[in-house]
Structure formats: structure tokens, C-alpha cells
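User: I am new to reading structures. Could you take me through some features, giving the general idea before the case?

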Protein chains: 2
Amino acid sequence: MEKNIKIVETELGKYISRLEGPDVIKSAMDYSLQAGGKRIRPILLLATIAAFQEEIEKGLAAACSLEMVHTYSLIHDDLPAMDNDDLRRGKPTNHKVYGEAMAILAGDGLLTYSFQVITEDTRLTNEQKVQLVSLLAKMSGPEGMVGGQVADMEGENRKLTLQDLEYIHLNKTGKLLTYSVLAGAIIGGASRSQLEQFDIFARNLGIAFQIRDDILDIEGDQAKMGKPIGSDVTNHKSTYPSLLNMQGAKDKLMAHIQHAKTALNNIEVNTHLLEQMTDLIAVRDN
Amino acid sequence: MEKNIKIVETELGKYISRLEGPDVIKSAMDYSLQAGGKRIRPILLLATIAAFQEEIEKGLAAACSLEMVHTYSLIHDDLPAMDNDDLRRGKPTNHKVYGEAMAILAGDGLLTYSFQVITEDTRLTNEQKVQLVSLLAKMSGPEGMVGGQVADMEGENRKLTLQDLEYIHLNKTGKLLTYSVLAGAIIGGASRSQLEQFDIFARNLGIAFQIRDDILDIEGDQAKMGKPIGSDVTNHKSTYPSLLNMQGAKDKLMAHIQHAKTALNNIEVNTHLLEQMTDLIAVRDN
């Protein structure tokens, strides 16, 4: 998968350089796209395509489009009016380099371009393009990521119930992760019942991912994480360990990993790579 | 067309109310969508469909989607980091009512939802949906409206050439107006050569619209405009009258109106309504 990350990053650079527009916005968009990160979403998408023995190339546009949406959400989240973060992955955030107005526009530009990238691709059918655009918009808009971000903001500084917490994570991060898998399945040519199992897989994987995040903020190694730990406690954030205690959170993590793997086993394609990724997510240390 | 505006506004309300998401973001999105305005983009879209004797209903999703994109751009333009406007059409701007973070998210939500609305429509074919999403993204993203907004910001406080000014207007406002017409033509089933003529028509109409805007900022009636006039001069903004003097701007306006009408005449469908709208734009007083 290391190789695929490189391919996606090269492709992202090409998508920006071929844009006809003012240099400064291209530079601002590129800055955050190339700022690294785990690239977990494009990898999930490509690994799901691979399960269908389809060529990775068929999913490159969708993988890049997905990373654009994820990146736009980080740029807007970091803004002074939102989380007001100066650093992201050890580098100055977009608005610290380009100013607030340009950061807003770079986010808007990435979000808009992500839909253009899907529809202009020559390897996908019209039916696939419509399915992808529709699902991406639903999963990242007010019924998905944007809705989760709003719920997260509204929940700040009050104690959340487990149900509140689950709603926030399912939407704020879970739905775009789910899209990653479903987009790969759509491109791979999954049947309706396979899509349903992939949906169950991805939802459980998304929650597991978030629980692991919460655990790492307490038990993680600052050096491996690349950021200070303990910020959830400092910020009085409701987390899985704070609501369930540490052992409860770990049990829940393993239960979701198990659900995810069961769903994978119900799909008659080669999901070996996805299974490995699922195991990695349960024990990842950054 | 009064009737069609009402239909679009009712439909916009329905699109928001059927969203499954936090109430506050739905309310913030709805607030700006229902804040009025000339609705010139949906009207252009529907009038172009009407030229093909197609039913207006077929274009309702695209018309609402278009108004969502226009509205998102106004919300983000008004933000403190951008134009820092407290009032829009006589009402407090979105961030004045809902706060800056929510206004950013309401804009993001509207932009994202606009693509969902097109792809979820049941009256359009997959081919039409792909064409519409692709064109809307191109016209409103870094190669269109967002790019124009960036160029406008970069051009502030320096004297622009006519070429700079034209680039800004063609992108910042012109491309979404062009999309309005082309979207209607795509839904109406226009041929390739008809699309080309509609493109010429819309580009000229867009420039004419902007020149008239600049003229009204000098010669307009404050009461009819609903906002103070003379702000371009106060803000040292380069405008058509400032670069060409008033008579030059008026001559250029009429030349573009003429080009627009010539293009319309080259299209063998009933463009009578579009012709009337073109004449109105040349003499509008708000």
C-alpha cells in the first residue's frame, strides 16, 4: 500500500497543476493536500477495489477526490472561528500560511473540485459517477460530516451521553470512512447485498478507529503520535474512555473490530487486505 | 416568472426540511436561502428550459441546487475574514445571526448538498446528472467562481486593467450565470451547436449584468437599490465606468446586449422570454 500512497500523492499534485486558475489558490490547495497524513481514506478505497480484482487505476480519481474532501474539512476545521489550530501534522495550518480568506477559499475550492474530478474521469461509467457523487455529497454534507461537526460544536463543554458521542463520530468521521469503502465497492462492481455488508464493515471500522483515537490520547506515546497527548482530558471532552472507563472502551473497540471482520467474511471477494487493515487499526500507535 | 420564483422558493424550503441533520445547521442554511434576492440564476435556468418547450418541473432540482451554490458563496463572501459585511439585502448576514463557525458550515453544507440534490433527482437521466455536476463544479470552483473571488481579492487596492477586470467578472459572477443558462439547455436537450450559442449568449449577458451593476453604483437610485450607492468610488474599486468613463461603459453594455441577442437569434428554439430578460437586464434599476 506504500506504493499506492505515492501514486495517489503524485496524482493529487497533477490534479492541482492542471487547474486553470490563480496560482495562489492552487498553491494553497496543494499545500494542505501534500501535508501528509495517513491517507487512510484513499487506501481503504483502493484496498476495497483490489478485493474485486479490479485495477487500482480505476479508483484513482475517486481516491483523489476523497482526499480533497478530507483535506477541505481539515482546513476549515483549523480556522480561527472553528478549532483555531496553528499547527497540523507539525506544519503551520493553511490560514497561518495563506491567511484566513484564502484558507476558506482553498477549502471551498477543494470541496468543489472533488466533484469535478469524479465526473471528468474517463474510466468510470455515468452510473458509477452518479452513485459516487450522490454518496460523497450525502456522507460529507449536512447529513454526514458537516452535520457531525455541528453536533460536535454543540456538544462542547457539556457532558455527552454515549448516544450523543456515537452520533458525532458516526457522522463527523465515520461517514467519510464508510464512503471510502463503499466507493471502492461501487467501482469494484459490488452487488447490493455486498454493499450492505461493506456498509456494516465500514461503520464498525469507523467507530473502532475513533475509540482507538480516544485511547491513544491517554495511553499513546507522544513521540509516535507526533502531537501532545492528554488534550481530551484538558479540554473536558467526552470520550469513550471517559464514558465507559478504559477497560470498557477497549472491550467496545474489540467488539467493533469483530463485527467488522464478521461482515467482511460474509462477502465473497478477497478481503484479505481489508482484514489486515482492520487488525492494524485496532492496535495502531499513531 | 413570478410564479416560478415562488415555486423555487417553496421547493428550497422542502429540500432543507427533509434533511436529516442538526436543526441549527438546517436553520442557518434556510435563513440565507430564504433571504430573498432576485433569483436571477434559477429564473435563467427555467427560462432556458422553457425555450425547449420542456416542463419547468424537470429543472426544479437543478434550479434549487444552483441557488444553493449562489447562497453558499454569499455566506462565505460576507464572513469577517472576507468582506466582513453585517447586512445583506437589509437583513443581518448569516454569521451575525448564527456565528462565524456555523456560517462557514452552513456554506459548506449548501455547497455539498447542491450536488446531492442534482444526483438524487428522479427526472434527470444519468448522463444529464453527470453533465450538470461536472459543469457546476467547474463553473463554481477554482476554475470559475472561487478563482474569480481570489483574483478579486488580489486585485484590491491596485488599479486594474480592463483585462484584469474582465477576468474577475467572467469568473466571479459570469460563470455561474453561464451555468444557469447551460444547465437549462442541457435539461432541455440542446444540441452541441445550440450549447455553443447559449454559451456566447450567457457570457455576454453576464458581462452586461456586471456593467449595469457598476453603472447603478453611480447613477442608481438608493431607494430602488435598497443599499447605499457610490461604494465603488469610496472603496477605490476599478469598475467599467472608472476604466472606460460613463459613456464608454454604456456603449460596452449595449454592445454585449447586442451580442447576446444575436447569439439567441442563432438558436432555433423559442427564446422570446430570454430576449425579454436580456432587455430588462440592460435597463434594470436594482
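Analyst: Start with burial: a residue is called buried when its relative accessible area is under 20%, exposed when it is over 50%, and partly exposed in between. The model here is predicted. B:Ser114 has a relative accessible area of 0%, so it counts as buried.

User: Where is B:Ser114 placed, and which residues does B:Ser114 touch?

Analyst: B:Ser114 sits in helix H6 of chain B, which covers residues 100–120. Leaving out residues up to four places away in sequence, B:Ser114 touches B:Ser65, B:Met68, B:Val69 and B:Leu136. The side chain of B:Ser114 also reaches the backbone oxygen of B:Leu111, at 2.6 Å.

User: How do I read the interface between the two chains?

Analyst: The size of an interface is often given as the accessible area lost when the parts come together. Here chain A and chain B bury about 3,900 Å² between them, and 73% of that is on carbon and sulfur atoms. A:Thr112, A:Pro142 and A:Glu143 supply 15% of the area that chain A buries against chain B, more than any other three residues. Counted by residues, 47 of chain A are in contact with 47 of chain B.

User: How many salt bridges and how many residue pairs in polar contact are there between chain A and chain B?

Analyst: The count of salt bridges between chain A and chain B is 0. The count of residue pairs in polar contact, both at pLDDT 80 or more, is 6.

User: Which helices of chain A supply at least two residues of the side that touches chain B?

Analyst: In chain A these are H2 (23–33), H4 (60–78), H6 (100–120), H7 (126–140) and H8 (145–155). H6(A) gives the largest share of that side, 14 residues. By type, the residues of the side of chain A that touches chain B divide into 25 nonpolar, 12 polar and 10 charged.

User: Next, aromatic pairs. What describes such a pair?

Analyst: A pair of aromatic rings is described by the distance of the centres and the angle of the planes. Over all chains, the structure holds 7 aromatic pairs. One of them is formed by A:Tyr31 and A:Tyr98, with 5.8 Å centre to centre and 70° between the planes, and is edge-to-face. A:Tyr31 lies in helix H2 of chain A and A:Tyr98 in helix H5 (residues 94–98) of chain A, so the pair ties together parts that are 67 residues apart in sequence. A:Tyr31 is partly exposed, at 23% relative accessible area, and A:Tyr98 is partly exposed too, at 24%.

User: How is the pair of A:Phe52 and A:Phe198 read?

Analyst: Their ring centres are 5.9 Å apart and their planes stand at 40°, so this pair is tilted. A:Phe52 lies in the loop between helix H3 (40–51) and H4 of chain A, while A:Phe198 lies in helix H10 (residues 192–219) of chain A, so the pair ties together parts 146 residues apart in sequence. A:Phe52 is buried, with a relative accessible area of 14%; A:Phe198 is buried at 0%.

User: Last, what should I look for in phi?

Analyst: Most residues other than glycine have a negative phi. A:Asn84 is not a glycine, yet has a positive phi of about 50°. A:Asn84 is found in the loop between H4 and strand E1 (87–88) of chain A, and is partly exposed at 46% relative accessible area.

User: What is the phi of B:Arg39, and is B:Arg39 buried or exposed?

Analyst: B:Arg39, also not a glycine, has a positive phi of about 55°. B:Arg39 is found in the loop between helix H2 (23–33) and helix H3 (40–51) of chain B. With a relative accessible area of 4%, B:Arg39 is buried.

Methods. Residues numbered from 1 in each chain as written. Chains lettered and ligands numbered in written order. Heavy atoms only, no water. Contact = heavy atoms within 4.5 Å. Buried area = accessible area lost by both parts, 1.4 Å probe. Salt bridge = Lys/Arg side-chain N within 4 Å of Asp/Glu carboxyl O. Polar contact = N/O pair within 3.5 Å; in protein donor to acceptor, adjacent residues only side chain to side chain. Helix = DSSP H or I, 4+ residues; strand = E, 2+ residues; numbered from the N terminus. Nonpolar A, V, L, I, M, F, W, Y, C, P; charged D, E, K, R; others polar. Phe/Tyr/Trp six-rings, centres within 6.5 Å; stacked < 30°, edge-to-face > 60°. Buried < 20%, exposed > 50% of the residue type's maximum accessible area, 1.4 Å probe, protein only.
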